[in-house]
Structure formats: C-alpha cells, structure tokens
Amino acid sequence: MRDAARERALILYRMVAEPDVFARDELWMDFKELAQDFIRARDSLTHLIEISEKIPLFRKTLDSVKNGSAVLNQIVDYIMENKIELASNILNKDLVSKQKIILRDFNELLHNQRQLIDKNMEDLSSSTDTSIFFITALGIIALLIGSLIAIYVSRLVLRSEDAFVQQKELAEHANQAK
C-alpha cells in the first residue's frame with residue numbers, strides 16, 4: 001500500500017510534467033491501475049482494523065491514507081481538466097507533506113507489527129522451551145519407572161529361578177536317597 005501510494009504520487013508528477021495529452025492519458029491509465037492495487041491494500045488494512053488489538057494505530061494510518069487519496073484524486077481531476085498549474089501547485093504544496101505523513105504512519109505501523117511479531121516469537125520460543133523441559137522430564141520419569149520395573153521383574157525371575165533350582169536339587173537329592 002505504501003509503495004502504491006508512492007508510485008501514484010510519482011505518476012502524478014509525470015502527468016503534470018507531460019505536455020502530450022495522449023501520453024498524459026496513458027499515465028492516467030497507469031494511475032488507475034495503481035489505484036486498484038491501492039484500494040485492495042486499503043481494504044485489507046480496513047479488515048485488519050476489525051481484527052487487530054492495535055486499532056488506534058490502524059485507524060490513524062487509514063485516516064492519513066484517506067487524506068492523501070483525496071489530495072491525489074483532486075490533483076488527477078485538475079490534470080484531466082487541463083488545469084496543470086493548479087494541479088502542480090497542489091502537488092508541490094500538499095501532496096509531499098501528505099505523503100510524508102502517510103509514510104511516517106506506515107513506518108510506525110510496520111515497526112509496531114515487527115515488535116508484535118518479535119514478542120510472539122519470543123512467547124512461542126518460551127512455550128517451546130517449556131514443552132521441551134516437560135517432555136524431557138516425562139521421558140526421564142518414564143525411563144526411571146521402566147528401569148524400576150525391569151529390576152523388579154529381573155529379581156522376581158531370579159527368585160523363581162533360584163526356587164526352581166533348589167526344588168530341582170531337592171528332587172535329585174531325594175531320588176539319590178531312594
């Protein structure tokens with residue numbers, strides 16, 4: 001959206017400087033194409049306002065975009081009416097300051113979104129570290145329980161085997177005594 005706004009402003013400068021009406025009309029068509037991209041981006045920004053926690057910042061950015069769009073549309077109207085000098089005056093006087101405000105607001109929005117992403121990544125990393133700790137702890141506990149069960153079973157088997165060997169020896173001893 002920021003790039004589309006900048007490109008639209010650059011096309012307006014080219015339209016003001018273009019003496020050929022047909023070339024100016026081609027530039028106007030380019031301006032309209034960029035306007036469609038701009039509108040799609042603005043609509044997605046409007047959608048983000050509805051779902052975001054940072055609504056005031058989105059609204060501020062959207063308001064500055066609306067103000068800039070109004071100036072752009074006014075300049076285009078003057079150019080298409082062949083009022084080039086008036087369009088040039090507005091372009092130089094108002095549009096540059098509006099574009100600076102829009103870029104500042106977008107940069108602030110971008111900075112805040114990056115901070116939010118960093119915070120979410122940090123929370124996710126912390127959550128992942130906690131999960132790894134619990135999985136490791138559960139693995140160690142399972143290993144210890146498995147070891148205890150194995151020791152118990154092996155002792156039980158050894159006792160049974162010892163009892164079996166003793167019974168065998170008794171039986172052999174009894175057989176020899178006969």
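**Legend 1. Lys 119 is partly exposed, with a relative accessibility of 49%.** Residues under 20% relative accessible area are called buried, those over 50% exposed, and those in between partly exposed (1.4 Å probe, protein chains only). Everything shown here belongs to a predicted model, in which local features need pLDDT of at least 70, side-chain atom pairs count only at pLDDT 80 or more, and totals for chains, interfaces and linings use all residues. Residues are numbered from 1 along each chain as its sequence is written, and side-chain values use heavy atoms, with hydrogens and water left out. The side chain of Lys 119 meets that of Asp 123 in a salt bridge, 3.2 Å from N to O; the term requires a side-chain nitrogen of Lys or Arg within 4 Å of a carboxyl oxygen of Asp or Glu. Both partners sit in helix 4, 4 residues apart, or about one turn of the helix. Helices (H or I, at least four residues) and strands (E, at least two) are DSSP runs, numbered from the N terminus. Asp 123 is partly exposed too, at 37% relative accessibility.

**Legend 2. In helix 2, Arg 40 and Asp 37 are 3 residues apart, separated by about one helical turn.** Their side chains form a salt bridge with an N to O distance of 2.5 Å. Look at how the two partners face the surface: Arg 40 is exposed, at 53% relative accessibility, whereas Asp 37 is partly exposed, with a relative accessible area of 37%. The count for the model comes to 4 salt bridges.

**Legend 3. Asn 82 lies in the loop between helix 3 and helix 4.** The phi angle of Asn 82 is near 65°, a positive value in a residue other than glycine. For another close-up, turn to Lys 83 and Glu 81, which form a salt bridge with their closest N and O atoms 3.3 Å apart. Lys 83 is partly exposed at 40% relative accessibility, and Glu 81 is partly exposed with a relative accessible area of 47%.

**Legend 4. The largest nonpolar core has 18 residues.** A core of this kind is a set of buried Ala, Val, Leu, Ile, Met, Phe, Trp, Tyr and Cys residues joined through side-chain atoms within 4.5 Å. Leu 12, Ile 75, Ile 79 and Leu 95 have the most contacts inside this core, a contact being heavy atoms within 4.5 Å. Two or more residues come from each of helix 1 (2–17), helix 2 (21–51), helix 3 (55–80) and helix 4 (84–177). Helix 3 is the main contributor, giving 6 residues, the most of any element. Setting aside neighbours within four places in sequence, Leu 95 is in contact with Ala 9, Leu 12, Gly 68, Val 71, Leu 72, Ile 75 and Ile 90. A second, separate core has 9 residues, among them Ala 5, Phe 38, Phe 58 and Ile 102. In soluble globular proteins, nonpolar side chains tend to be buried together.

**Legend 5. Asp 105 is a buried residue, with a relative accessible area of 2%.** You will find Asp 105 in helix 4. Beyond its neighbours within four places in sequence, Asp 105 is in contact with Lys 60, Thr 61 and Ser 64.

**Legend 6. Val 96 is found in helix 4.** This residue is partly exposed, at 33% relative accessibility. Not counting residues up to four places away in sequence, Val 96 touches Tyr 13 and Leu 91. Val 96 and Ser 44 are 52 residues apart in sequence, and their C-alpha atoms are 25 Å apart in space.

Legend 7. The C-alpha trace spans about 135 × 30 × 20 Å along its principal axes. Of the 178 residues, 24% count as buried. Mean pLDDT, the predictor's confidence in each residue from 0 to 100, is 83 for the chain, and 92% of residues reach 70 or more. Among the elements, helix 2 has the lowest mean pLDDT (78) and helix 4 the highest (87).
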